[in-house]
Amino acid sequence: MQRKLSRTRRDIIVALLELLKTNSLAEITITQIAQEAKVARRTFYLNYQNKEGVMKDYIEVLFDEFSRSLQTAGSRDSRHDTIAFFRFWKEHREFLLLLQRNSLLNLLLDEYEQMLEETTLFSIENVMEKDVGAKQMRYVRVVLAASLMGMLLEWVESGFREEPEELAEVMENMMYHRKQE
């Protein structure tokens, strides 16, 4: 799932993120992004359809980074994955705050659900008491994604008060179908 971005796409993403520090997404124009990225406006449209596409691309990059960090983590369980999830987003809290300020946090949920379907992230089999079929697993992943993202959104709203370990404990307590140790 590792994605390689062209230099142009990286420049456009960086430009938009820089502009978002002082402007809302609605106020930013494609021309401003192109100027900040030092590319032609036409080049922007060769790479993206709109500003939201740039944001989605960056979110995919972040999720790829998170995915790679989990895949290199050796022995894993659902608690480890949950702590890693919140630690990762704590490192990217400025981006989360930009999304929040622009009412774009929902973009994370869309990308996260897709990522969970495409990968073996979060050891779901360690959470479930019994094996479930592929059809049911799809729903389990959607519930897990919605739970984690809901917690993430609340965490952002509350000003990142809790530590990732505390949030992992909340998640564990929510999983009433945990595998018995």
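The protein chain has a mean pLDDT of 83, and 83% of its residues reach 70 or more, where pLDDT is the predictor's confidence in each residue, on a scale from 0 to 100. The structure is a predicted model, in which local features need pLDDT of at least 70 and side-chain atom pairs count only at pLDDT 80 or more, whereas totals for chains, interfaces and linings use all residues. Residues are numbered from 1 along each chain as its sequence is written, and side-chain values use heavy atoms, with hydrogens and water left out. Confidence in the protein chain is highest in helix H2 (residues 30–37), with a mean of 98, and lowest in helix H7 (residues 106–118), with a mean of 73; helices (H or I, at least four residues) are DSSP runs numbered from the N terminus. Over residues 176–181 pLDDT stays under 50, and the model has 13 contacts beyond four places in sequence for this stretch, contact being defined as heavy atoms within 4.5 Å.

Two packed helices are described by the angle between their axes and the distance between the axes. The axes are lines fitted to C-alpha atoms, for helices over the stretch in contact, and the angles run from 0 to 180 degrees between N-to-C directions. H5 and H6 pack with their axes 5 Å apart and at an angle of about 75°, which makes H5 roughly perpendicular to H6 (65 to 115 degrees; angles under 35 count as roughly parallel, over 145 as roughly antiparallel and the rest as oblique). In this pairing, Trp89, Lys90 and Glu91 of H5 meet Arg93, Phe95 and Leu96 of H6. By class, the contact of H5 with H6 has 3 nonpolar, no polar and 3 charged residues, where Ala, Val, Leu, Ile, Met, Phe, Trp, Tyr, Cys and Pro count as nonpolar, Asp, Glu, Lys and Arg as charged, and the others, Gly among them, as polar.

The axes of helix H6 (residues 93–101) and helix H8 (residues 134–157) come within 10 Å and cross at roughly 90°, and H6 is therefore roughly perpendicular to H8. Here Leu96, Leu97 and Gln100 of H6 meet Leu152, Val156 and Glu157 of H8, and the contact of H6 with H8 has, by class, 4 nonpolar, 1 polar and 1 charged residues.

In helix H9 (residues 164–174), the buried residues are Pro164, Leu167, Ala168 and Met171, buried meaning under 20% relative accessible area, exposed over 50% and partly exposed in between (1.4 Å probe, protein chains only). These residues lie on the same side of H9, because they cover an arc of only 105° around the axis, the arc being that of the directions from the helix axis to the C-beta atoms. The buried residues of H9 pack against helix H5 (78–91) and H8.

Val54, located in helix H4 (residues 51–71), counts as buried because its relative accessibility is 1%. Leaving aside neighbours within four places in sequence, Val54 is in contact with Ile12, Ile13, Leu16, Phe44 and Tyr48. The C-alpha atoms of Val54 and Val14 are 9.7 Å apart in space, while the two residues are 40 residues apart in sequence.

Positive phi values occur at Lys38, a residue other than glycine with phi near 60°, and at Ser103, likewise other than glycine, with phi near 55°. Lys38 is placed in the loop between H2 and helix H3 (41–47) and, at 73% relative accessibility, counts as exposed. Ser103 lies in the loop between H6 and H7 and counts as exposed at 62% relative accessibility.

Definitions and conventions
Helix = DSSP H or I, 4+ residues; strand = E, 2+ residues; numbered from the N terminus.
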